[in-house]
Amino acid sequence: MSGTVRAKFKVTSIVETHLAKDYSQKKIVLEPQYDSKVAEDVSFCKATPSGRMEMVIDNPVAIERMPVGQVFYVDFTPAD
């Protein structure tokens, strides 16, 4: 099966975990974006009414690009 499925998610929290004195990781939590005033969000909500994604990231540049409140399109493309 091929094709891409697109979802719209918002960063809702960033949780830092200290693993050692000088080492920590951050977990980025994303949930489906919904604003009843945005037609696209209403459409996406019908397909993805709820959900949650979590990623542990150990890349400072990536973490900076994913602040709380930022909304992203997430594309799921099958890997061959």
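Me: Helices are DSSP runs of H or I with at least four residues, strands are DSSP runs of E with at least two, and both are numbered from the N terminus. By that rule, where is the place of Gln33?
Reply: Gln33 is in the loop between S2 and H1. The model is predicted, so local features need pLDDT of at least 70 and side-chain atom pairs count only at pLDDT 80 or more, while totals for chains, interfaces and linings use all residues. Residues are numbered from 1 along each chain as its sequence is written, and side-chain values use heavy atoms, with hydrogens and water left out.

Me: What makes up the secondary structure of the chain?
Reply: The chain has 2 helices and 4 strands. From the N terminus on, the elements run β-β-α-β-α-β.

Me: What makes the link between the side chains of Gln33 and Asp41 a polar contact?
Reply: A polar contact is a pair of N or O atoms within 3.5 Å; within protein, one must be able to donate a hydrogen and the other to accept it, and residues adjacent in sequence count only if both atoms are side-chain atoms. The side chains of Gln33 and Asp41 are joined at 3.2 Å, so the pair meets the distance limit. The side chain of Asp41 also makes a polar contact with the side chain of Lys8, at 2.7 Å.

Me: How do you know whether Asp41 is buried or exposed?
Reply: Asp41 has 1% relative accessibility and therefore counts as buried. Asp41 is in helix H1, residues 39-47. Leaving aside neighbours within four places in sequence, Asp41 is in contact with Lys8, Gln33, Tyr34 and Asp35.

Me: And Ser50: buried or exposed?
Reply: Ser50 has a relative accessible area of 57%, so Ser50 is exposed. Ser50 is in the loop between H1 and S3. From C-alpha to C-alpha, Ser50 and Tyr34 are 9.6 Å apart in space, and they are 16 residues apart in sequence.

Me: How do you know that S1 and S2 pair?
Reply: Two strands pair if DSSP finds at least two bridges between them. S1 and S2 have 10 bridges, so they pair, in the antiparallel sense. Across this pairing, Glu16 stands opposite Lys26 in S2, and the bridge partner of Lys10 in S2 is Glu31. A hairpin through 2 residues joins S1 to S2.

Me: Why is a set of residues called a nonpolar core, and which residues make up the largest one?
Reply: A nonpolar core is a set of buried Ala, Val, Leu, Ile, Met, Phe, Trp, Tyr and Cys residues joined through side-chain atoms within 4.5 Å. The largest one has 9 residues: Ala7, Phe9, Val11, Ile28, Leu30, Ile57, Ile63, Met66 and Val74.

Me: How does the radius of gyration of the chain stand against that of a compact globule?
Reply: The radius is taken over C-alpha atoms, and the globule rule is 2.2 Å times the number of residues to the power 0.38. For 80 residues a compact globule would be near 12 Å, but the chain has 15 Å. The C-alpha trace spans about 45 × 35 × 20 Å along its principal axes. Buried residues make up 18% of the 80 residues.

Technical notes:
Buried means under 20% relative accessible area, exposed over 50%, partly exposed in between (1.4 Å probe, protein chains only). Contact means heavy atoms within 4.5 Å.
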